[in-house]
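I opened my notebook to look up a structure and keep a record of what turned up. The entries follow in the order in which I made them.

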Amino acid sequence: MTITTESRPSLSQRLRGLSLEAVGFAVIGASGVVVNFALFWILNNVVGLASLRANIAATLVAIATNYLGYRYWLYKDRDAASRKREITLFLLFSGIGMLIETGTLGFTQYVLGLDTPFEKLGGKFLGLVIATVFRFISYRTWVFKAMPELEDPEVVQEAELLLAAEDNRSLAN
């Protein structure tokens, strides 16, 4: 049996990985923000839908586009063994984020009286910032969980050899 040294990443490596993850989250989130705000503006100011309803509709569309980005780009290497669980949690935390955003918009509009189109955008933006922090923590902690790291690299190597041998057998048949 070979004795191996601890192969866990250093604190600086983990922080670098977290910062890269935050940048990826921001890129996907920015595309969702564009979808969210553009659709909100159109629904509220062109179609005439009430601001809270327009916010909910726009946020739902942004949630769908963001999921695709998170699953197939940012968190593509994360455990996807249980998609049903993942989608359920994603929708749950996204829904809570939508309530945070909509609640903040409602508070700024109906309690503070900020009712012009640009004041509504400001209330929506404030709610989005708060909801984004909540979503980032929730998604990375509970939805897109990292694959567990195996302690023994020899086990990984053996498993890879077994899988390769099995693939070769299936190709030969």
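Predicted model: local features only at pLDDT ≥ 70, side-chain atom pairs only at ≥ 80, totals over all residues.

Entry 1, a salt bridge. I began with D115, which forms a salt bridge with K120, the closest N and O atoms being 3.9 Å apart. A salt bridge here is a side-chain nitrogen of Lys or Arg within 4 Å of a carboxyl oxygen of Asp or Glu. Next I looked up how accessible the two partners are. D115 is partly exposed, with a relative accessible area of 44%, whereas K120 is buried at 12%. The cut-offs I noted are these: buried means under 20% relative accessible area, exposed over 50%, and partly exposed in between (1.4 Å probe, protein chains only).

Residues are numbered from 1 along each chain as its sequence is written, and side-chain values use heavy atoms, with hydrogens and water left out.

I found 5 helices and 0 strands in the protein chain. Helices (H or I, at least four residues) and strands (E, at least two) are DSSP runs, numbered from the N terminus. The protein chain has 173 residues, and 31% of them count as buried. I also looked at contacts, meaning heavy atoms within 4.5 Å. Among contacts between residues at least 6 apart in sequence, 73% join residues at least 24 apart.

How many salt bridges does a search of the whole structure find? I got 3. One of them joins E86 and R71, with the closest N and O atoms 2.4 Å apart. E86 lies in helix α3 and R71 in helix α2, so the pair ties together parts that are 15 residues apart in sequence. Both E86 and R71 are buried. Another joins the side chains of K124 and E101, at 2.4 Å from N to O. K124 is in helix α4 (residues 117-143) and E101 in helix α3, so this pair ties together parts 23 residues apart in sequence. K124 counts as buried at 0% relative accessibility, and E101 is buried with a relative accessible area of 0%.

Two packed helices are described by the angle between their axes and the distance between the axes. Helix α2 (residues 51-74) and α3 pack at an angle of about 145 degrees, with their axes 10 Å apart. Axes are lines fitted to C-alpha atoms, for helices over the stretch in contact, and angles run from 0 to 180 degrees between N-to-C directions. I87 is found in helix α3 (residues 83-111). I87 counts as partly exposed, at 37% relative accessibility. From I87 to Y67 I noted 20 residues in sequence and 8.6 Å in space, C-alpha to C-alpha.

Which residues of α2 meet α4? I listed S51, N55, T59 and Y70 in α2, which meet K120, K124, R135 and Y139 in α4. The angle between α2 and α4 is about 35 degrees, and their axes are 13 Å apart.
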